[in-house]
Amino acid sequence: AVRKNLYFAQLRVLCLNGLQGQPLKEADGNRDYNQDQGNEKKQKEQAAYTKKILLRLAGIMGLGGTMTVVYIFGTYLNSLSDFFFLLKDTILYIYTIYSIQLKRTFKYFKDYRQMIIEPTSPKLLPDPLKEPYYQAPYTLVLELTDVLLHPEWSLETGWRFKKRPGIDYLLQQLSPLYEIVIFTAETGMTAYPLIDSIDPQGFVMYRLFRDATRYMDGHHVKDVSCLNRDATKVIVVDCKREAFGLQPFNGMALRKWDGNSDDRTLYDLTAFLKTIAINGVEDVRTVLENYAHEEDPIEAFKRRQAQLAQEEEQRLSELSKHKKQSVSLGSLAVRLWARSKQQ
């Protein structure tokens, strides 16, 4: 019924318009205009709705992207932090390992250098024997090479050591008076069997080798202060003055033996050392000091000994002359007294 009323109303309007002379085209234009306005309004509403949807999507995407970036960047920072901590730990580990190895290497070379330079012990010999055991009053330190033995080398035989004349005599004569020590700059591997060969009876009390020396200025020095003996009773016999350079008045520098079989040095050395021991010298340095600047102290000793013997002979001859004179004067006085009595 409503549609019918609306239809009749529109028809009435059209009729009235037609009666008034207005064309039907004007009504169609208004209707088109109204439709255009409605379409434009719908487009605006649709654009606003689309914009709102896009803004919401952009916000959601921005929020998701931010969360994703935060998550990824946070994970990266954690991994980077872990990497730096791992790198730090690795560097510290490598530094620790290498520092320990360097310290060990440095200590090894320091100990090795110390072993070469310094004696193996501040007391190279044990304490002197106490009663009821016998301890010789003096200590004799002998070098092996060029003093007791002469090394020789040839293509046929290689290294050989020649025994110096008088070794057996020296060891036998001095063993009651001296504590005999072989102290050589040779290594123990070389010297030990050589000492066994020259001393089958065991007169040598102790054996010291290169590791017991003090290395100074390219020389192996025998430090008397490390022997654990009274320095006033120690005599060092060597062919090099540098060997006892720390205590120059405790040593005698013999001529280097060249292997001559007619050599008599050890016999003369035995006489010299027996003279010191028999006379009970309190400080051997006072005697050795007199031979410190001699090129050949044994020859100097023989020369002085001959001079003393000559002086002693002159003294005895003068004493015998005085005795003869006193006897002759006494006999003359007796004769005169007898004659005076007879008168």
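This is a predicted model: local features need pLDDT of at least 70, side-chain atom pairs count only at pLDDT 80 or more; totals for chains, interfaces and linings use all residues.
## A parallel sheet and a helix pair

Strand S8 and strand S9 (residues 251–253) pair in the parallel sense, and 3 bridges connect them.

**Strand S8 and its partners**

- On the side of strand S9, Asp238 stands opposite Ala253.
- Strand S8 is also joined to strand S1 (residues 138–142), with 4 bridges between the two strands, which run parallel.
- In general, the strands of a sheet pair through backbone hydrogen bonds, and the pairing may be either parallel or antiparallel.

**Burial of strand S8**

- Strand S8 covers residues 234–238 and is mostly covered, since 5 of its 5 residues are buried.
- In a regular strand the side chains alternate between the two faces of the sheet.
- Is each face of S8 covered or uncovered? Both faces are covered, with Val234, Val236 and Asp238 buried on one side, and Ile235 and Val237 buried on the other.

**The sheet as a whole**

- Strand S8 belongs to an open sheet of 5 strands, whose order is S5-S4-S1-S8-S9 and whose pairing is parallel.
- The edges are taken by strand S5 (206–208) and strand S9, and because each of them has a single partner strand, one side of each is left without a neighbour in the sheet.
- Neighbouring strands of this sheet are turned against each other by 20 degrees on average, when direction is ignored.

**Helices H3 and H5**

- Helix H3 (residues 167–174) packs with helix H5 (residues 265–278) at an angle of about 15 degrees, and their axes are 8 Å apart.
- From H3, the residues that make the contact are Ile167, Tyr169, Leu170, Gln173 and Leu174, and from H5 they are Leu266, Tyr267, Leu269, Thr270, Leu273 and Lys274.
- Sorted by class, the residues in the contact of H3 with H5 are 8 nonpolar, 2 polar and 1 charged.

Conventions
Residues are numbered from 1 along each chain as its sequence is written. Side-chain values use heavy atoms; hydrogens and water are left out. Buried means under 20% relative accessible area, exposed over 50%, partly exposed in between (1.4 Å probe, protein chains only). Two strands pair if DSSP finds at least two bridges between them. Axes are lines fitted to C-alpha atoms, for helices over the stretch in contact, and angles run from 0 to 180 degrees between N-to-C directions. Contact means heavy atoms within 4.5 Å. Ala, Val, Leu, Ile, Met, Phe, Trp, Tyr, Cys and Pro count as nonpolar, Asp, Glu, Lys and Arg as charged, and the others, Gly among them, as polar.
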